[in-house]
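I opened this entry to keep track of what I looked up, one topic at a time.

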Amino acid sequence: MSWSLGSDNHSGVHPRILESLHSANFEHAHAYGMDEISEATKTEWRRVLGCDADVFYVFNGTAANVLSLQTFLHPFEAAVASEVSHLHADECGAPEKHLGSKIYTLPSEDGKIFPRQMRDLLTRGGDQHFAAPKIVSLTLPTELGVCYTLEELGAWRQFANQNQLFIHWDGARFANFAKFHRCSISRLIEIGKPDAISFGGTKNGMLGAEAVVIFDRVRAKNFKYIRKQGLQLSSKTRFLAAQFNAYLKNDLWEKIAGQMMTEAQFLDQALKEFPDIRVAFPVQSNAVFVELPKQWLDPLKKEFFFYIWDAKKSMARWMISWDWERSHTEKLLYLILEVKKQCSV
């Protein structure tokens with residue numbers, strides 16, 4: 001597999017981030033985040049976030065999501081998420097196993113959920129027979145590559161305030177969300193006021209590094225214990241912090257997200273020349289969902305691996321990674337033309 005459309009997890013490590021690991025691999029340093037690199041990275045976080053939130057490093061997105069929720073939930077309370085959310089559909093039941101909490105799912109066509117869908121879930125508040133919702137998890141961008149509007153983020157915050165709910169952002173591709181809106185990360189936080197963010201790194205050019213950002217200073221005090229019990233405390237924390245330092249410094253995050261977005265949107269426009277191909281959702285991130293003639297799938301997958309999202313609709317998911325270039329798109333488009341000719345014979 002040389003170049004893959006299967007996942008932005010398939011790509012390697014960005015050179016500048018790889019260089020940060022090499023630079024951190026020098027002499028000795030204190031463990032568990034008490035090193036100079038971890039301390040220096042706090043400055044970058046404050047600059048990018050626009051506030052002095054608490055940031056904790058973990059190894060993977062599942063842990064970031066589950067431990068974020070654990071910080072705000074009792075086992076007798078519930079989380080709410082989209083029915084296609086990673087939290088519900090792709091965590092192998094990890095939230096239920098480790099939290100002992102219920103997850104309510106709301107239906108969605110594009111991954112987005114809205115406050116109006118919550119009304120029925122809030123009617124039994126205080127009923128001891130009912131797991132009352134306490135936190136809402138929004139995926140930015142959604143699993144279908146669609147972005148909430150800034151107004152929608154603000155509406156969720158207002159609704160949460162009115163109903164004593166917390167807001168969690170699953171931001172495995174959070175930089176792409178910010179880039180789509182041409183907005184600073186600090187501005188997004190100012191508008192949506194999340195209580196916690198699962199801030200993705202691995203899908204954006206890092207090596208097994210994710211961050212949990214907690215804005216509630218009282219609950220953040222317990223997270224170090226939650227992380228330790230959750231098997232996610234890195235002893236050599238400097239190697240995780242160094243990657244985020246490189247990612248945040250000089251806004252490398254924006255350059256990486258920009259490359260992804262530019263190439264995804266170029267591909268989206270180029271596919272309009274193929275009447276047999278339908279782009280199923282607006283391309284607002286690095287995901288391009290396409291409905292293809294079924295007989296095209298296997299020949300295309302031989303050259304560019306990808307996953308089938310919906311077999312009934314012959315829908316594939318094409319993910320653009322940070323290292324995807326225009327030449328790869330051109331090769332893909334040429335391959336589509338060749339496959340179309342072969343299947344027409």
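I began with F281, which is buried at a relative accessible area of 18%. F289 is buried as well, with a relative accessible area of 1%. The model I am reading is a predicted one.

**Aromatic pairs.** I then looked up how the rings of F281 and F289 are arranged. Their centres are 5.5 Å apart and the planes stand at 90°, so I logged the pair as edge-to-face. I counted pairs over the structure and the total came to 17 aromatic pairs. One of them is W156 with F159, also edge-to-face, at 5.8 Å centre to centre and 90° between the planes. I checked where these two sit: both are in helix α6, residues 150-162, three residues apart, or about one turn of the helix. W156 and F159 are both buried.

I also noted a single aromatic cluster made up of W45, Y57, W169, F174, F177, F199, F244 and Y247.

**Charges over rings.** Which ring does the charged end of R326 sit over? I found it over the ring of F266, 3.7 Å from the centre. For K301, I found that this residue lies over the face of F306, at 6.0 Å from the ring centre.

**Helix α9.** I went through α9, residues 217-229, and found a kink of about 35° centred on F223. F223 is also among the buried residues of this helix, along with A220, I226 and R227. What covers the buried residues of α9? I listed β1 (54-58), α3 (61-72) and β7 (210-214) among the elements that do.

I looked at both ends of the helix too. At the start of α9, a side-chain oxygen of D216 comes to within 3.1 Å of the backbone nitrogen of V218. Just after α9, I noted a positive phi of about 65° at L231.

**Cysteines.** How many disulfides does a search of the whole structure find? I got zero. The cut-off I applied is 2.5 Å between cysteine sulfur atoms. C183 counts as buried, at 13% relative accessibility. I recorded C343 as partly exposed, because its relative accessible area is 30%, and a residue has to be under 20% to count as buried.

Methods: Residues numbered from 1 in each chain as written. Predicted model: local features only at pLDDT ≥ 70, side-chain atom pairs only at ≥ 80, totals over all residues. Heavy atoms only, no water. Bend = angle between axes of the 7 residues up to and from the residue. Helix = DSSP H or I, 4+ residues; strand = E, 2+ residues; numbered from the N terminus. Buried < 20%, exposed > 50% of the residue type's maximum accessible area, 1.4 Å probe, protein only. Contact = heavy atoms within 4.5 Å. Polar contact = N/O pair within 3.5 Å; in protein donor to acceptor, adjacent residues only side chain to side chain. Phe/Tyr/Trp six-rings, centres within 6.5 Å; stacked < 30°, edge-to-face > 60°. Lys NZ or Arg CZ within 6 Å of the ring centre and 35° of its normal.
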